[in-house]
Amino acid sequence: MLDIPRRQRLVGRSDLFQGMPEPLIQYVATHCIERSLGDRDVLFLKQDTLEFLALVVEGRVYSMVHGPDGREQIVGTTEVGQVVGESALIDGHARETSAYACGPTRILLLGRRHFSVLCAEPLFVRRLLALLMRRLQSVMELLEMVCLYRLESRLARFLLANMEDDDLSVATLPSVLMPQNQGVLASMLNTSRPKLNVQLQLWRRLGLISSQRDRIVINDIDHLRRKACALN
């Protein structure tokens, strides 16, 4: 279990609470509840009541919606140091997505009864609005990508957005740390796992990408950028 000083440091470095007054950070650290989740454990489901917000301190949480055919679409990823379920701070609606843990995950939960203290701080309210606007922008960008671009363009955009530049002094190629499995990536790109696998294998045969343990290495970034911009 995390002690209070450790909780304060984690809360103070988070996207929602960084730079907040110290008494507010201490309040959150004191009243939050630590919870551990296993892979695919549910944090909350769509249409659940808004009872808490959560800070991820270990692991990852995916926000999902489900189609009538059972297909999952990942619409958001919450990493360490980020909050999920912050819409609970806004009254008058239920959860708009479901949230699941990806791998062993640890979170800090802050219940609704403590929200009034947060919302009484003007700086916090401004930070919350800015965070909600960024989340909305991300959803709009996802909607544009899914509706307007074919699979190879969606995959190229994902790789370009998530590539990591290694030490350029040794002339290494950029690479992307892949999700836990292809099913997760397929859910991110609104496609099936078999179709995604076919596209990845085609690009490997063409030499556009190659595999390296849990990473995809980008061998031809200019070609990938052209693919990312192709509408058809």
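Mentor: A pocket is an open set of grid points with protein on both sides within 12 Å along at least five of seven lines. Keep in mind that this model is predicted.

Trainee: How is such space found?
Mentor: Rolling a probe the size of a water molecule over the atoms shows where empty space is left. Here, the largest pocket has a volume of about 1,700 Å³.

Trainee: Which residues are the closest to its centre?
Mentor: Val-75, Gly-76, Thr-77, Thr-78 and Ser-138, out of 47 lining residues.

Trainee: How many lining residues are nonpolar, polar and charged?
Mentor: The lining of the largest pocket has 22 nonpolar, 12 polar and 13 charged residues.

Trainee: Now the strands. How do I read a sheet?
Mentor: Two strands pair if at least two bridges are found between them. In this model, three strands form an open, antiparallel sheet in the order E7-E9-E8. E7 and E8 (209-212) are the edge strands, each pairing on one side only. From one strand to the next, the twist averages 25°.

Trainee: How many bridges join E7 and E9?
Mentor: Three, with E9 spanning residues 215-218. Val-176 has Ile-216 in E9 as its bridge partner.

Trainee: Which helix lies across these strands?
Mentor: H5 lies across E7, E8 and E9. Its angle to E7 is about 95°.

How values were computed. Residues are numbered from 1 along each chain as its sequence is written. This is a predicted model: local features need pLDDT of at least 70, side-chain atom pairs count only at pLDDT 80 or more; totals for chains, interfaces and linings use all residues. Side-chain values use heavy atoms; hydrogens and water are left out. On a 1 Å grid over the protein atoms alone, a cavity is a set of points where a 1.4 Å probe fits but cannot get out, and a pocket is an open set with protein on both sides within 12 Å along at least five of seven lines; lining residues have an atom within 4 Å of a point. Grid points are joined across faces, edges and corners, and a volume is the space filled by probe spheres set on the points. Ala, Val, Leu, Ile, Met, Phe, Trp, Tyr, Cys and Pro count as nonpolar, Asp, Glu, Lys and Arg as charged, and the others, Gly among them, as polar. Helices (H or I, at least four residues) and strands (E, at least two) are DSSP runs, numbered from the N terminus. Axes are lines fitted to C-alpha atoms, for helices over the stretch in contact, and angles run from 0 to 180 degrees between N-to-C directions. Contact means heavy atoms within 4.5 Å.
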